4 protein chains.
Amino acid sequence: MVRTGVIGYGYWGPNLVRNYMENDSTELTYVCDLNPALLETVKKRYPSVKVTTNPDEVFNAEDVDAVSIATPVYTHFDLAMKALQAGKHVLVEKPMSDSSEHCEQMLEEADKRGLALMVDHTFPYTGAVKKIQELVKTGDLGDVQYFDSSRINLGLFQTDVNVLWDLAVHDLSIMEAVFDYHPISVSATGIAHVEGSPVNTAFMTLFFKESFIAHINVSWLAPVKVRQTLIGGTEKMVVYNDMEPEEKVRVYDKGITVNPSPENVYKMRVGYRAGDIWVPKLERKEALRELVAHFTDVIENGAEPLTSGISGARIVRMLEAATQSLEKQGECVSL
Amino acid sequence: MVRTGVIGYGYWGPNLVRNYMENDSTELTYVCDLNPALLETVKKRYPSVKVTTNPDEVFNAEDVDAVSIATPVYTHFDLAMKALQAGKHVLVEKPMSDSSEHCEQMLEEADKRGLALMVDHTFPYTGAVKKIQELVKTGDLGDVQYFDSSRINLGLFQTDVNVLWDLAVHDLSIMEAVFDYHPISVSATGIAHVEGSPVNTAFMTLFFKESFIAHINVSWLAPVKVRQTLIGGTEKMVVYNDMEPEEKVRVYDKGITVNPSPENVYKMRVGYRAGDIWVPKLERKEALRELVAHFTDVIENGAEPLTSGISGARIVRMLEAATQSLEKQGECVSL
Amino acid sequence: MVRTGVIGYGYWGPNLVRNYMENDSTELTYVCDLNPALLETVKKRYPSVKVTTNPDEVFNAEDVDAVSIATPVYTHFDLAMKALQAGKHVLVEKPMSDSSEHCEQMLEEADKRGLALMVDHTFPYTGAVKKIQELVKTGDLGDVQYFDSSRINLGLFQTDVNVLWDLAVHDLSIMEAVFDYHPISVSATGIAHVEGSPVNTAFMTLFFKESFIAHINVSWLAPVKVRQTLIGGTEKMVVYNDMEPEEKVRVYDKGITVNPSPENVYKMRVGYRAGDIWVPKLERKEALRELVAHFTDVIENGAEPLTSGISGARIVRMLEAATQSLEKQGECVSL
Amino acid sequence: MVRTGVIGYGYWGPNLVRNYMENDSTELTYVCDLNPALLETVKKRYPSVKVTTNPDEVFNAEDVDAVSIATPVYTHFDLAMKALQAGKHVLVEKPMSDSSEHCEQMLEEADKRGLALMVDHTFPYTGAVKKIQELVKTGDLGDVQYFDSSRINLGLFQTDVNVLWDLAVHDLSIMEAVFDYHPISVSATGIAHVEGSPVNTAFMTLFFKESFIAHINVSWLAPVKVRQTLIGGTEKMVVYNDMEPEEKVRVYDKGITVNPSPENVYKMRVGYRAGDIWVPKLERKEALRELVAHFTDVIENGAEPLTSGISGARIVRMLEAATQSLEKQGECVSL
């Protein structure tokens, strides 16, 4: 039984709380939020849970083994460090922190104390991403060639982070789960249409040492909601459309053929082939439910974390580098 | 009556020939191609038309007022220059030429001799693009904010030009027709998956001095055919899906609202609004038919050309700069 | 303040209970269900509400003005009659009852006692149906010509009623809300694929004295979920696709033109015309919330009920006649 | 080499002529049409073909082995009978004739003389229908349970036949090709919105002695073009959407499970199961090209005709009976 405290009961906290309550291997002991009105709601819904406006109370509690942090990004570092220093395992909301330097310190602290440190990226726990991961890892797609994602809609403009930190972060977590490749540099471009507001429309290219490229298109200013990712492989190609209620993943038996050109031995002739399409049935469990169960498994049984702090830190480094590239109008930044 | 010769009867030439034959204001007098077998086909279908394998014969012919060039890109400059020097009006297949320097010389020659020089970009003549142009020019969209286009499919790999010259060229011609803005610099990234073959997947961002950005995603290596363009304006937004048989243009009464934040006078609070969607009925005429009629009108009546050589040269400059940026992994290149 | 009791806490009851709790003009005083375990859930969630396994306790309660009945169809008549006889206003789950004769008795009882008797058909309270109703009533569609609906999916086979009573009932309630016309006869065909199980796939045509026809296609045995209704008018046509998350209602400026034929004075030449498409923004309130508020308004202010018992009884008569026609393989049955 | 004459060069005739010209096993010798202007077009395009306004000239010609009849329905019988009596094989446009009695006489005549008599139903020759046929015949779908088709659009109103003869005829030809079952009776309903014009919107149910049902929804008065057919089987289900450019056939691994109910031994408990979806690649050959080749094969090699006169006559009988049922508002008519 993992006894848990949740810090932050705003947008995401209630989902964490609900899932901890429903999981039989966890016991939710504390909820902390600065807003007493929100704590009143908690008390009504879950009378057994202790509430407080002071996070230190959670960190110092004897009946807390693990802490989940669902507060604004800029507070992640301080809260997670305090929790780790108090000997608690930590699950921190995505992105892991506001800088890669902070992430490194968090990793060091967790490592030194032998504590679990995970990031709450939910996409890798969805049936769709798990299926894509399987298709890539088993080699069904052949050698992967590209990842190209659009994640756009008419969305609430964040005030503290640009659109990459808000939306591209999901694609980066999917890539971390699906591919063994890690990018070596990044180029990003974008625009802030509202003065004083962060970049709201951005395009990001990730370069790899392999024959592979990734591109992510994100925006808060699109008239339609698009959540579409194309993954090309030498054998098969995947279209992952998260807006589809049922048929999120489509596998195309399509690709190119490369043969020596009969006219010119130095040139390759590129053809293409097309076969059937396959829409696999997907697992339908709630991603956060899976994540909470997995976090418990990591703590109790030392399971290999799927969305580890190490991976979360790599993602923050990508976002940081992309933000630097944004300011230099696409100039490539090394990772 | 404009007497016309067509040079090149490969992929696009037959379409030009057919449209010249069907237009009552033009008389097709010559067709030229290096392949005698193709000329045999012409003779059978159009016995009244003279055929030759020698372009000079067309340039020197008395009964030719205008020449249409539908040959590979690297031959455009030589053929167009000869035609202009022989006093013929010129319509040249897109892209106008393989370098902006060549384009400049072509423009100079045409200008010096008072001849029409147009580029065969067909998209601006479609009902869809004309409708979008109207929505932008009348101010219905408000101030335009972005242009974001995807033009991907499993396509034949070109051997001489990269995918930008093959596909992004269409988006650039649409932008030239629709907007008054001109880009000041460009960043492009991409990958060549087949050794010795040009870049087959590329992403291009165009920067403007206005609060406007353009992004173009092109690929020959996608499992699905996508032809989708989003155009955001402060009043309305457009989704142009060229794969739709009927409803290509959708106008969304959506956008953001920007108000001073009550908490912080230095910050703006961004909200959003959503209203009806409108799918206007579009003209259904063949674009090339319109282009041929317009070329005649330019020659005979001095009409302002919609896809002028000046615009075509700007497009080549953008492709050239994007190709330079590609090699520098996204570093911005000035136009 | 209308004090309410809810009978039945199975599939639909919890939705009723939640909406009564959230409505400021109603006070939920009782919940009744035969299953004590379900009542335990009610007590936990809503400690202020009294619970009982005996419906008579609700009917006899002083602090109950109105009763909502969300039990199996065959129990509607008995429960509603008792409630009315006890002087309570009644909202009964759809379909109103299992026979038109029962409906008539319920109407009589309510009428005699001056009590409200409404049926819980929710579709007429949705933003989509309200918009269609507006388009028809204002004459925007012109004279309506047909209603053609498909409501199919892979669904749980009911054991007591055929698929018409389960699914076509929704379409009939939409027609009641939208049109002034009432059918005069009905033809229905269908099949029961599982021995001993009711008809699971059925097709129903409704005839009218006006130049109007309605057709409803329902099935529990389709691989895809379809919820699509076409409504034709002489001026405009509507496609209502309830599976669309946002764009449920599309209005087509399309139709036919009828002119005397130049060749034959006794014949009409029928042409067609096509214009713009319009996708109106819809109200997004929960239908049941609107229904509960409306029921209160009917009780307190004598408002004209939108889904009255009179209309509910007509719908039951249509289902009854359709079931008779089913047995006669499509032979028309008068209403 | 089969020497062929085509009677009728209106809407469909030119397609037949083109396919006969392109087929290496046929020689087109004659084209006949009452309109001399159309024959002029033929002469220009195909100088080697003889033209005439008199069908008897074709029937009496020595260099004609087979005749294709692409004239209005009411003329099929006379022309086909004359052709057969002159010893020519016959391919007749669909529907085969205007009455089942006429069809019987045609069959008798062909049979007596040992001549091929086929109907030009093209759908059975498409890649989509061939794939569905294969899925049914191999038993992949299990026992088929239903066929449910919608074939609606804003179409030209015919003046001589109702919408069933114009559109449902396609579905009936698909059923003939795909299933071994034959209907035993039919119920049809519909409406004629324009006075003096035939029924333009109709719904048709076909009954079988097997546990199978078919339903066809056709209309010339719909705002959208729908060509969708659902075919249910006990193992798998098919959705055939002919409007899809690429993915016309989708195979769903879905269905119901039927188990004895634990509560009631006389009742079955019906559950459902859902698995993957599969979109097979389809042949892309032109259907009419296949039909022409097949007709030649039938004549020369005595191949079993896919769209035989016998099948065509059954289809006419179904249309005839459906038209009778239409007049009786859905009353079932035996076949």
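**Labels and cut-offs**

Analyst: Between chain B and chain A, 11 residue pairs, both at pLDDT 80 or more, are in polar contact (a pair of N or O atoms within 3.5 Å, one able to donate a hydrogen and the other to accept it within protein, with residues adjacent in sequence counting only if both atoms are side-chain atoms). Strands of chain B that each supply at least two residues to the side touching chain A include β7 (144–154), β11 (221–233) and β14 (268–279). (Strands are DSSP runs of E, at least two residues; helices are H or I, at least four; both are numbered from the N terminus.) That side divides into 25 nonpolar, 16 polar and 6 charged residues (nonpolar is Ala, Val, Leu, Ile, Met, Phe, Trp, Tyr, Cys and Pro; charged is Asp, Glu, Lys and Arg; the others, Gly among them, are polar).

This is a predicted model: local features need pLDDT of at least 70, side-chain atom pairs count only at pLDDT 80 or more, and totals for chains, interfaces and linings use all residues, with side-chain values using heavy atoms and leaving out hydrogens and water. Residues are numbered from 1 along each chain as its sequence is written, while chains are lettered from A and ligands numbered from 1 in the order in which they are written.

User: How many residues of each chain are in contact where B meets A?

Analyst: 47 from chain B and 47 from chain A, where contact means heavy atoms within 4.5 Å. The two chains bury about 4,300 Å² between them, 69% of it on carbon and sulfur atoms (accessible area, 1.4 Å probe, lost on being put together and summed over both). Leu154(B), Pro223(B) and Gln329(B) supply 15% of the area chain B buries there, more than any other three residues.

User: What makes Asp63(B) and Lys50(B) a salt bridge?

Analyst: The distance does. Their side chains meet at 2.4 Å, N to O, and the rule wants a side-chain nitrogen of Lys or Arg within 4 Å of a carboxyl oxygen of Asp or Glu, so the pair passes. Asp63(B) sits in the loop between α3 (55–60) and β4 (66–69) and Lys50(B) in strand β3 (residues 50–52), so the pair ties together parts 13 residues apart in sequence. The count between chain B and chain A is 0.

User: How many salt bridges cross between chain C and chain B?

Analyst: There are 2. Arg250(C) and Glu247(B) form a salt bridge at 2.1 Å, N to O. β13 (249–260) and β14 (268–279) of chain C each supply at least two residues to the side touching chain B, and β14(C) gives the most, with 6.
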